[in-house]
Amino acid sequence: MTRIRWGWVAVAAVPAVFIGYFFIYPVARILGLGLAELDVGASGLDARLLRIAGFTLWQATLSTILTLVAAAPLTWAVSTYEFRGRRLATALITVPFVLPTVVVGTAFVSLGFGDSIWAILAAHVFFNIAVVVRTVSTLWSRIDPQLEEAAHVLGATSWQVFRRVTLPLLKPAIAAAASIVFLFTFTSFGVVLILGGFEFATLEVEIYRQAVTLFDLPLAATLAIVQLVGVTGALYAYSRYQERKTVTWTLESASNRRAPIGPARALVALSVLTTIGALSIPLLALVTRSFSGEFYRSLFESDPVVGRPISAVGNSLLFAFIAMGIATLVGVMAAAVITGRRGSLSRWFDLTLMLPLGTSAVTIGFGFIVALGWPVDLRASLWLIPIAHALVAVPFVVRSTVPTLRSIPAETREAASVLGASPSRVWREIDLPIVSRAVLVGAAFAFVVSLGEFGATSFVARPNTPTIPTMIFRLLGRPGETSFGMAMAMAVVLAALTAGIVMWIDRAQVGEVGRF
Amino acid sequence: MSRTQTTVGAVMALALVLAACSSGASEESPQTITLMAHDSFAGGVTDATFAPFTQETGIEVKVIAAGDAGLMVNQAILTKDNPLADVLFGVDDTFLSRALDEEIFLIHKAKDIGRVAPDLVDRKHRVTPIDFGDVCINYDKSWFESTSLAVPDDLADLRANLYASHLTVEHPATSSPGLAFMLATIFEFGEEGWLDYWADLRRAGVNVATDWNSAYYGDFFRYGGQSSMVVSYASSPPAEVIFAEEPTDTAPTGVIEAGCYRQVEYAGVLAGTDFPEAAAKLVDYMLSVGFQETIPLTWFVFPANQDAELPQVFVDHAIVPEDPARFSAGYIAENRDRWINEWIVVMEG
């Protein structure tokens, strides 16, 4: 038995209370309420529901694989090479991530995509490619080049080096990115509805239908549990894999990108241009439509119906910064706990923190309104918006931080402790410099998660404070050329803001810390 | 009496006094009344919307947006004992039964209820009609001019391949106008004929969109799509005039007057409110001429109060169909799920 370390308990308490009060408790309350009315035997899982569950799993798996494949060339280019426009490219790919589904849906439909499984898969790749590129390249760019050089010296070909040296080192990061993409697509709602039509229902869509349209809470709760079990199973498999595959080695705290020379130049150019080009097609449709009139100027003028549209930007930014702060604090503390102590407790802790990303928004939203009325009535409070966003954003911070933290050899920390460093000093001087880059990647995602209004907020009563996505919905909710044009212009503002702020966060490399 | 008992007694008495004070004081003049509404109503609320009400009563109105109409009603039911708001607005006939069955509203006979067309009024006054809108097929005038085809007169005309292949409807399970249009066909062709009608439309190539957004801005010819006709609202043409890029006097779209379905939206005082009187005042205000006259140009629906004057652009470009289809809330509640499932079998099976 080791002595209880109160410092760790304190660090663990913050994420534990957060996830406990804002996720486990509300979800348990609403599921309990639904199941209490369950008439066992009467509402069974019929063939249709099993088919929906099967389709949900199948499309999420396929979407994840396709996203990994589609992201590979760009990930390779931005991880290995330093070139002009690299930062811009990694910022641009996050733009699809925040765009409201209804906007992308309209763009896809106008391009002739629609009502097919291919449209759903293409949209899932479109939305999630950034998750893979950004999560994996954080690790890849800092692999000690000496490892690869040594393999070369020993006679390995480039492909052998990648397969035998680089890929095994990257597996934890690839698995981390894949787990997030899987959860996102497993709970896909808007994309499936808008691009698939009604025939391709996912569990998420069916839960919404049962809970909202039919108000069959017992069946909705049953489905929510099926969804939770599926997500938990996938996450459990992932965490076992993660633990088995993690290799510890010393990451460089600065990146090791080099200038591309010779044939590599052409390959890098090809990778970047094709990926960005493909992602740009729907975006260009958007930009073109936004410039077909004086719509940007109208955003700054007072509209009798929706007010001054541009004022939504301030609200969005405020919520996003608060959500990012909460998610980063909770996520980094959680990552420290998860990597600090091995064993099943920390594995389940990790898994629980991931669950909000894989739980239907209706479940969480209804959970909020039945559970959060006491002791302080948080329902319909402004604070609930960034908190709900943070709930979904914490997994991003955890997933981008844990692989890097795990790679730090225990001996390094032990050496520091032996030399007299306190646990907090070990964290500050050993872990933080190495991990800060990964934390920033997570923080940037937390920011865009909030800008894009992910999570339960769109499914729950909230103060009538317009954000950019809700303003886009308002404008798109009425007929007329200027309504449509202003919505497109607003979407472009959202895109530009996302790219700009992600670039800015990316720049905030913790340069002062220096190389470890 | 022991010392402890005395203390307990004193504390209890104090608590009672405090409770009486707080509830008594707030019952008379709440600072703020909370109005729960669906997103599309909340989206049109600005500082000016309830300013006259606040001026008159000294009560501020806080608006919370609660998602679509179905989400809103369910949230109101789930929080029946500890409501999120004092007044709910935006429940329509398709979800009304559920709300009434759960008894989430207090009875209140609004001041101007006598000025509302009787067929819109709930006889038990659990809810108050505030506005109505007609879901109708819209068509692109330029398309019909360029093809010199006649605009179809009614739903039956749409059976022809020529027309049905140029029509986009919304899915009744995911879209409120989609559901309304399905109801219009049931009203028109009856239980025995409506599914055949849809089978004909399907055979002729009707297009089904998920929601109004993707139908209107994705599939409608006016916005670059393939369909010259789309299920929208009778008030969409005036919106096209108001939100046109170049100022114009003629609407680019028209409305087919036959085969419309009337949607009515109601407000109600939520049972469990601490301020029933103030809440009732807000409902009265929403039915008063002053508020009612702001409805058309903000939410593009028609005021329920017949004394409210329509803005000129509505008089010029909007249509109020003569005999729109309408079913009672109870009849819809009984049959909706079956109808939607039957529709899905015909359209997707």
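Modeller: This is a predicted model. Two bridges connect β1(A) with strand β2 (residues 60–65) of chain B, and these strands run antiparallel.

Colleague: How do you know which strands pair with β1(B)?

Modeller: The bridges show it. β1(B) and β2(B) pair in the parallel sense over six bridges, and the bridge partner of Thr34(B) in β2(B) is Lys62(B). β1(B) also pairs in the parallel sense with strand β3 (residues 87–92) of chain B, over three bridges. There, the bridge partner of Ala37(B) in β3(B) is Phe89(B).

Colleague: Why is strand β1 of chain B called largely enclosed?

Modeller: A residue is buried if 20 or more other C-beta atoms lie within 10 Å of its own. Five of the six residues of β1(B), residues 32–37, are buried, so this strand is largely enclosed by the rest of the structure.

Colleague: What is the secondary structure of chain A?

Modeller: Chain A has 21 helices and one strand.

Colleague: How do contacts in chain A relate to separation in sequence?

Modeller: Of the contacts between residues at least 6 apart in sequence, 85% join residues at least 24 apart.

Colleague: What makes up the contact between chain A and chain B?

Modeller: Chain A gives 44 residues and chain B gives 49 residues. On the side of chain A, α5(A) gives the most, with five residues. By class, that side has 23 nonpolar, 14 polar and seven charged residues.

Colleague: Which domains does chain B have, and how far apart are their centres?

Modeller: The domain assignment gives domain 1 (3–132 + 264–310) and domain 2 (134–262 + 313–348) of chain B. Their centres, taken over C-alpha atoms, are separated by 32 Å. The contact takes 13 residues from domain 1 and 14 residues from domain 2. Helix α5 (residues 93–101) of chain B gives the most to the domain 1 side, with five residues.

Colleague: Which residues touch the most other members of the largest nonpolar core?

Modeller: This core has 283 residues, and those that touch the most other members are Ala393(A), Ala446(A), Met490(A), Ala491(A), Met36(B), Val87(B) and Leu282(B). Helix α6 (residues 117–140) of chain A provides the largest share of the core, 16 residues. In soluble globular proteins, nonpolar side chains tend to be buried together.

Colleague: With which residues is Ala393(A) in contact, leaving aside its neighbours within four places in sequence?

Modeller: Ala393(A) is in contact with Ala323(A), Ala327(A), Phe445(A), Ala446(A), Val449(A) and Ser450(A).

Methods: Residues numbered from 1 in each chain as written. Chains lettered and ligands numbered in written order. Predicted model: local features only at pLDDT ≥ 70, side-chain atom pairs only at ≥ 80, totals over all residues. Helix = DSSP H or I, 4+ residues; strand = E, 2+ residues; numbered from the N terminus. Contact = placed C-beta atoms within 7 Å. Nonpolar A, V, L, I, M, F, W, Y, C, P; charged D, E, K, R; others polar. Pairing = 2+ DSSP bridges. Buried ≥ 20, exposed ≤ 12 C-beta atoms within 10 Å, placed from the backbone. Domains from an automatic or database assignment. Core = buried A, V, L, I, M, F, W, Y, C linked by C-beta atoms within 7 Å.
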